[in-house]
Amino acid sequence: MTAIPMFPLGSVLFPYTPLPLRVFEPRYLTMIGQLLDDDDPQFGVVLIERGHEVGGGDRRSGIGTLARLVSVTAGAEVLRTVAVGTQRFTVERWLDDDPYPRAEVSLLPHLAWNEALTPLRTEAEAIVRRVLSRVDGRWDPDTEISDDPLAASWQLAAIAPLGEYDQFTLLQSTSVGALLRQVIDLTLEAEQLWSAG
């Protein structure tokens, strides 16, 4: 169990997925500044289930993803950072938010890829890209994903046009097969809602 700095957000971070952030709150500026002194600067990202990102008083999810800081650019009163999701964890205990949120976490095992899942991954990618081409979302239907099948499976979960709670369901997957099946099911459900709307 390790105590790590935490960045609760209104969105889900998946392994192998980039996380661009505009950091302006003093407590998170302090956090990033301290992380820059680390050899391997990582922080935890969890979904805010209820409440506000600013000022505390929020309810935070119990599963999140470590984010490794890969770049920091200073602007006027803000830092622009990019991190990449690495490994999932469960929150064992929240510590005091002083000077920024921190928690004790336990890492979850990495999911294992199996070549037998290749047709399912191909089907999931086709469905996600088809639905992305029909909706105005954050991701383009031509968004590049990794050649590594495990990384690609998580990235499909990230670019699928789903809400935060569906994405949080995907984050909790216990196998790659379950992850890909849920990506397919939830994306098809979302497509039906848009078609009906």
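Ala, Val, Leu, Ile, Met, Phe, Trp, Tyr, Cys and Pro count here as nonpolar, Asp, Glu, Lys and Arg as charged, and the others, Gly among them, as polar. The legends below describe close-up views of a predicted model.

**View A. The largest pocket and its lining, sorted by residue class.** About 370 Å³ of space lies in the largest pocket of this predicted model, and of the 26 residues that line this pocket, S11, R138, W139, A158 and Q167 are the closest to its centre. Two or more lining residues come from each of strand 2, helix 3 and helix 4 (164-171), and strand 2 makes the greatest contribution, with four residues. Sorted by class, the lining of the largest pocket comprises 17 nonpolar, five polar and four charged residues.

**View B. The one cavity of 30 Å³ or more that a search of the whole structure finds.** The largest cavity holds about 60 Å³ of space, and its lining is made up of P15, Y16, T86, Q87, R88, P109, H110, L111, L150 and W154. Strand 5 (79-94) and helix 3 (149-159) are the elements that each supply two or more residues to this lining, with strand 5 giving the most, namely three residues. Six residues of the cavity lining are nonpolar, three are polar and one is charged.

**View C. Y16, a residue other than glycine with a positive phi.** The phi angle of Y16 is near 65°, and the residue sits in the loop between strand 1 (2-9) and strand 2 (18-23). Y16 has a relative accessibility of 34% and therefore counts as partly exposed, a class that lies between the limits of under 20% for buried and over 50% for exposed. Y16 is also one of the residues that line the largest cavity.

**View E. The cis peptide bond between D98 and P99.** The peptide bond that joins D98 to P99 is cis, with omega at about 5°. P99 itself is found in the loop between strand 5 and strand 6 (102-107).

Notes: Residues numbered from 1 in each chain as written. Predicted model: local features only at pLDDT ≥ 70, side-chain atom pairs only at ≥ 80, totals over all residues. Heavy atoms only, no water. 1 Å grid on protein atoms, 1.4 Å probe; cavity = no way out; pocket = protein on both sides within 12 Å on 5 of 7 lines; lining within 4 Å. Points joined across faces, edges and corners; volume = space filled by probe spheres on them. Buried < 20%, exposed > 50% of the residue type's maximum accessible area, 1.4 Å probe, protein only.
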